[in-house]
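Hi,

Here is the structure I promised to pass on. Have a look at it first, and my notes follow below.

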Amino acid sequence: MTAISSASGQSAAGQVRPVVPPVPRPDINRKRLARMGWGFSAPALVVIAAVTIFPIVYSVIMSLNNVTVTGSGFSLDGFTFSNYNLLLHASLWRDALFFTVYYTVVTVIIELVIGTCIALVLERLVAGRGYMMALLLLPWSMITVINAELWAYIYNGTYGVADYILGGLGFGHPVILGTPTPAIIGLMIADIWKTTPFVAAEMDGASGWYTFWRITLPLLRPTIALAVIFRVLQAFGLFDLPYVMTGGGPGTSTQSLAILAYNALFKNLAFGPGAAVATSTALLVLLGCLASLRVFRVQVGQEGN
Amino acid sequence: MRNRKRVGWHKYVNGVTISTLVTVLFILIPLYWLVASSFKPPNDLNNARLFPSSFSGGNYSNAFVGYDFGIYFRNSLIVTLATTALVLVLGTLAGYALGRLPMRGKFTTMVILLIISVFPAVAVLAPLYLLLREIGWLNSYQALILPYTAFNLPFAIWILRNYMIGIPKEMEETGRIDGASALRTVWSIVLPQALPGLFTAGIFCFTACWTEFLFALTFNSSNNFRTIPVGIAEFGGNFQVPYGTIFAASVVATVPIGILVFIFRKFVVSGLTSGAVKG
């Protein structure tokens, strides 16, 4: 019972006529408030559903159909499983899945570890913490496309500063964005530069190593778990950075699931297979969510429903 | 141990200051490269010169005159401001309801919102594109405002709900006894208390809209409706990437969001901790 309804119940009971049962009034009030609540949430929920839930359902339908692109649009020509069959037998999809998972997990772990270390050091900083915080948030607030262009310039094979430095250190002149492994490492460094300071800001107030291990970490375990799950799942839609920096290349070595889906849909106009890639990506994220539903529940329940 | 007095040069040279310095340099060096390159004349851009040989504003004027960066900036501003306003209004109403009103099924609603907020945008890309084409909304502001609003609302509702829960119930009851309407109660009693939550939700929404790329690339490809990220990504010609122009435009695009984040930094950080852990 909420404070509002119990308060009105009390006032009814406190009147001169205690004979009147105080039960019905709060109930009516409760119903009225609940209706009002749905009225208040309806605009937001309708917009969210219209742009997320319905299109996802439509994506699933498209992925299960033979889609023919016509001059004026496209048509769905009957149920088929061939789009998914194509995925399971295509090395492109497997490679993209492998790259996305591997890239996401490695960057999230590195960002979390370094970010926490930075936070633990900054916690002991005496002066200028406000400015430090603003500096930590600056790379996060930058447009990812800008980050991609900046690092592509740094890695440039003929006039990039990374090329000069590597050459000076005796590593020769590797074509950074033109060779698979260096390209992946290059992307990861750009990602780590943008996200690690943000993680450090997020971990602010970690209160020293001892307190951190003994008190903060155990206390925050569900929160950290949620943060990690969140970041991994969010990073699963990886698109901007590799799309601008490498275009998924060299070859397909940095092609994420989102880039694969985008290219299939809007470059090759293969709507069926494209929808299948998009749907499979969403499905994997959904599975990740369901696997961590317990953590999510704890999060919602914490506020005492 | 933590309060040990440091004497002599140890006061300035110690683990904390050195690590801080390393962190600052790690963040600032690439940023320096971005700003320095934006002022370099064309010849300097083709070698890794540490300082520009002469400061030139040519890249900046080229971004606005040679390319249409002014249009992109205006488009980004319109889409971002409209979305942020919408998200705050709809998010406040929903956050208030889901936080304080006795609705059945709000637990499930919150979990679903949490799941939607991590959903990859690519999953809705094709159907949304077809829908927008059907209703003739491709290359328009609303083509971005609508999906941005939907994708930023779940997080905003979460943040605002968490703030609303912390407001004492008595204040609201006073309003109700006075006979104020429900909307008025939210406006004049709940909203002022939830102001930090509004700042947090607002700054996160603004940043997300300002930086979004995939929807903008897919839905608004015509020059007149491109936003900054798409504009900058497409500056490159087929043979030569005009890095000087790109970086000049990048500096102009980063300054406003940098100032906002500087002003609202407290709310970004508090959003991070209170959005996740509260109470």
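**A helix pair in chain A**

Helix α11 (residues 257–267) of chain A packs against helix α12 (residues 271–291) of chain A at an angle of about 160 degrees, their axes 8 Å apart. Axes here are lines fitted to C-alpha atoms over the stretch in contact, with angles running from 0 to 180 degrees between N-to-C directions; helices are DSSP runs of H or I, at least four residues, numbered from the N terminus. That makes α11(A) and α12(A) roughly antiparallel to each other (angles over 145 degrees count as such). Among the residues making the contact are A:Leu257 and A:Leu265 of α11(A), and A:Phe271 and A:Val277 of α12(A) (in contact: C-beta atoms, placed from the backbone, within 7 Å). By class, this contact has 10 nonpolar, 2 polar and no charged residues (nonpolar: Ala, Val, Leu, Ile, Met, Phe, Trp, Tyr, Cys and Pro; charged: Asp, Glu, Lys and Arg; polar: the others, Gly among them).

**Where the chains meet**

Chain A puts 88 residues into the contact and chain B 80. On the chain A side, helix α2 (residues 24–63) gives the largest share, 21 residues. That side divides into 63 nonpolar, 17 polar and 8 charged residues.

**Before you dig in**

This is a predicted model: local features need pLDDT of at least 70 and side-chain atom pairs pLDDT 80 or more, while totals for chains, interfaces and linings use all residues. Residues are numbered from 1 along each chain as its sequence is written, and chains are lettered from A and ligands numbered from 1 in the order in which they are written.

Cheers

Notes
Helix = DSSP H or I, 4+ residues; strand = E, 2+ residues; numbered from the N terminus. Parallel < 35°, antiparallel > 145°, perpendicular 65-115°, else oblique. Contact = placed C-beta atoms within 7 Å.
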